[in-house]
Amino acid sequence: MISNSPIPHVVPAGRMARAEQPVLTLSGGWELRPWQAEDADVLFAAGQDRTIRLWNRLLVNSPEEARQRIERMRRRWQAELAAIWAVARPDGAPVGLIGWGDIDLQGGSAEIVYWLLPAARGAGVAVEATRRVSRWALDDLGLHRLRLCHSTANPASCRVADKAGYTLEGTQRSALLHADGWHDQHLHALVQGDI
């Protein structure tokens, strides 16, 4: 039977725009906080890191361009399109980035993006940060489905997805363009009720 009632929005418009982006705490003295203009040099440096450039579309060619990207992060929060945090110690410089792009409040979904600078890799920070922003997206924001996609040639991201509780749903062929060409990508997902 087809209903004549419109499908309600999963998350009402305005939920993000009416609120300040929160600071989320992690164990080990880490926190997730909004990026600030004074973080531009770190964002620029991350854009020069070979591993970050290999697996992400982070192209930042100058500190000024980094400042513009940080300002765009703020605008995208207000437009309810993205929620991006810096991974840092309180009052410290960022060592990574994590958050949600492609936020669809009406449909209740988003896709995670993350990277860490070399000093923070291998210590479980990416897994814990992924779990934390996932809880925020599902419990606080009210989304229903979260995606984590990565090149099949990137086993580190596959481990992060698995340890963070995301289910591998399949492989998308030739789905992501990297500097060295098209990559197949794994699609992992977490939905309400999984955690």
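By contact I mean heavy atoms within 4.5 Å of each other. Please also bear in mind that this is a predicted model.

Leaving aside residues up to four places away in sequence, I98 touches L32, A83, I84, W85, V87, I112, V113, Y114, A126, A129, T130 and V133.

I98 belongs to the largest nonpolar core, which has 37 residues. Together with L32, W85, W100, W136 and L146, I98 touches the most other members of that core. Which elements supply at least two residues each? They are β3 (83-88), β4 (96-104), β5 (109-116), α4 (125-141), β6 (145-151) and α5 (155-163). The greatest contribution comes from α4, with 9 residues. As a general point, nonpolar side chains in soluble globular proteins tend to be buried together. A separate core of 17 residues lies apart from the largest one, and among its members are I52, A66, I84 and W115.

Of its 7 residues, 6 are buried, so β6 is largely enclosed by the rest of the structure. What does β6 pair with? Taken with α4, the strands β5 and β6 form a right-handed β-α-β unit.

The largest pocket has a volume of about 1300 Å³. Its lining comprises 43 residues, of which W55, N56, V113, Y114 and W115 are the closest to the pocket's centre. Elements giving two or more residues to this lining are α2 (50-55), α3 (63-78), β4, β5, α4, β6, α5 and β7 (167-178). Which of them gives the most? It is β5, with 6 residues.

Finally, how many cavities of 30 Å³ or more does a search of the whole structure find? It finds 1. The largest cavity has a volume of about 40 Å³, and its lining consists of Q21, P34, W35, I70, M73, R74 and I84. Here α3 gives the most, with 3 residues. I84, which lines this cavity, is also a member of the 17-residue core and a contact of I98.

Definitions and conventions. Residues are numbered from 1 along each chain as its sequence is written. This is a predicted model: local features need pLDDT of at least 70, side-chain atom pairs count only at pLDDT 80 or more; totals for chains, interfaces and linings use all residues. Side-chain values use heavy atoms; hydrogens and water are left out. A nonpolar core is a set of buried Ala, Val, Leu, Ile, Met, Phe, Trp, Tyr and Cys residues joined through side-chain atoms within 4.5 Å. Buried means under 20% relative accessible area, exposed over 50%, partly exposed in between (1.4 Å probe, protein chains only). Helices (H or I, at least four residues) and strands (E, at least two) are DSSP runs, numbered from the N terminus. A crossover is right-handed if, with the strands pointing away from the viewer, the path from the first strand over the helix to the second runs clockwise. On a 1 Å grid over the protein atoms alone, a cavity is a set of points where a 1.4 Å probe fits but cannot get out, and a pocket is an open set with protein on both sides within 12 Å along at least five of seven lines; lining residues have an atom within 4 Å of a point. Grid points are joined across faces, edges and corners, and a volume is the space filled by probe spheres set on the points.
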